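Biologist: I would like to go through some contacts in this model before I plan any reading. Can we take them one at a time?

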Amino acid sequence: MGKWKFLLPLVCFSFMLCGCVKREVKTSISQNTPLLLEVTKEGMDNKIYLFGSIHAAEETLYPLPEYVSDAYKKSEVLAVEFDLVEYSKNLAKQMSDLAYFVNPDNKIITDYISTDLYEKSVEILTNVGLYSPMFDYYSPIMWYTLLENAVIEDVHLETMYGVDEYLLKLAKEDRKDILELESADYQYAILSGFDYSMQVQLLEQGVQEYAESKKNMLDLYALYKKGNVTVHTLKDEITKSYLL
């Protein structure tokens, strides 16, 4: 068997808003240092590179650091959550996938949530230009994910600069093999499978913690760009998470 290498972005949660990413040709040195892990096994030449991905960023995130570009060039396969670039081109598929989130029996969102929660949700979405009356026919989990997209809009990050889409665009231009670990159907089936009481609870939490979510998003983005997690620190954090 020939040698193989993977570049595997560890992706954050994604939903339906997919933008186009332009390939960067900048030659400036990156000031960002996102975390990249190289996984090897004794006695084997194969390598897997684990690289964190964030679905919304700024143009200033690029170019990616040289060590990331080198890992990409050495990799024969790019493994991603699912191919967002191809999905963004398939409008028919996107429209059909909305069926996952339509309320049963022609019910509207206020059949499941209070007027107060509805009005607060509409206000948040309207303020960032994301509200449409058609959403009234969709489930609470759809509204919850719309709030997540509103957070991205509110903190002025852009999905068109998402890392996974950037790497996918490069891989397609370079004719590099792409491996999808999941699919849109897989993710949407999980989300739409939540019972409505859980969906409403998530929406309530999303509205109540909206301001905090914006801060958390910016903090996450800053940490992503910094990426200075040592192996020792990473091991300690993993250990702590299992002990909690």
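Biologist: How far from the centre of the ring of Tyr72 is the charged end of Lys176?
Modeller: This is a predicted model, so side-chain atom pairs count only at pLDDT 80 or more. The charged end of Lys176 sits over the ring of Tyr72. Its distance from the ring centre is 4.5 Å.

Biologist: Which residue in β5 is the bridge partner of Leu78?
Modeller: Strand β4 covers residues 77-80 and strand β5 covers residues 177-180. The two strands run parallel and are joined by 4 bridges. Within β5, Leu78 has as its bridge partner Ile178.

Biologist: Which residues lie on each side of strand β4, and are they buried or exposed?
Modeller: One side of β4 carries Val77 and Ala79, and the other carries Leu78 and Val80. Both faces of the strand are covered. The state of all four residues is buried.

Biologist: How many aromatic pairs are there?
Modeller: Rings pair if their centres lie within 6.5 Å. By this rule, the number of aromatic pairs is 11.

Biologist: What is the geometry of the pair Tyr87 and Tyr188, and how many residues apart are they?
Modeller: The ring centres of Tyr87 and Tyr188 are 6.4 Å apart, with 65 degrees between the planes. Planes over 60 degrees apart count as edge-to-face, so this pair is edge-to-face. Tyr87 is in helix α2 (residues 84-89) and Tyr188 in helix α7 (residues 184-192), and the pair links distant parts of the chain. The separation is 101 residues.

Biologist: Tyr100 also pairs with Tyr188. Which of these two is buried and which is partly exposed?
Modeller: Tyr100 and Tyr188 form an edge-to-face pair, 6.1 Å centre to centre. Tyr100 lies in the loop between α3 (91-97) and α4 (115-127), 88 residues from Tyr188 in helix α7. Buried means under 20% relative accessible area, so Tyr188 with 0% is buried. At 30%, the partly exposed residue is Tyr100.

Biologist: Which residues do ring pairs link into a cluster with Tyr188?
Modeller: Tyr188 pairs with Tyr87, and Tyr188 also pairs with Tyr100. Ring pairs link Tyr188 into a cluster with Phe82, Tyr87, Tyr100 and Phe101.

Biologist: How do the axes of α4 and helix α8 cross, and what is the handedness of the crossing?
Modeller: The axes of α4 and α8 (residues 196-208) come within 10 Å and cross at roughly 55 degrees. That angle is why α4 counts as oblique to α8. The crossing in which α4 passes α8 is left-handed.

Technical notes: Residues are numbered from 1 along each chain as its sequence is written. This is a predicted model: local features need pLDDT of at least 70, side-chain atom pairs count only at pLDDT 80 or more; totals for chains, interfaces and linings use all residues. Side-chain values use heavy atoms; hydrogens and water are left out. Rings of Phe, Tyr and Trp (its six-membered ring) pair if their centres lie within 6.5 Å; planes under 30 degrees apart count as stacked, over 60 as edge-to-face and the rest as tilted. Buried means under 20% relative accessible area, exposed over 50%, partly exposed in between (1.4 Å probe, protein chains only). A charge sits over a ring if NZ of Lys or CZ of Arg is within 6 Å of the ring centre and within 35 degrees of the ring normal. Two strands pair if DSSP finds at least two bridges between them. Axes are lines fitted to C-alpha atoms, for helices over the stretch in contact, and angles run from 0 to 180 degrees between N-to-C directions. Angles under 35 degrees count as roughly parallel, over 145 as roughly antiparallel, 65 to 115 as roughly perpendicular and the rest as oblique. A crossing is left-handed if the near helix is turned anticlockwise from the far one by less than a right angle, and right-handed if clockwise.
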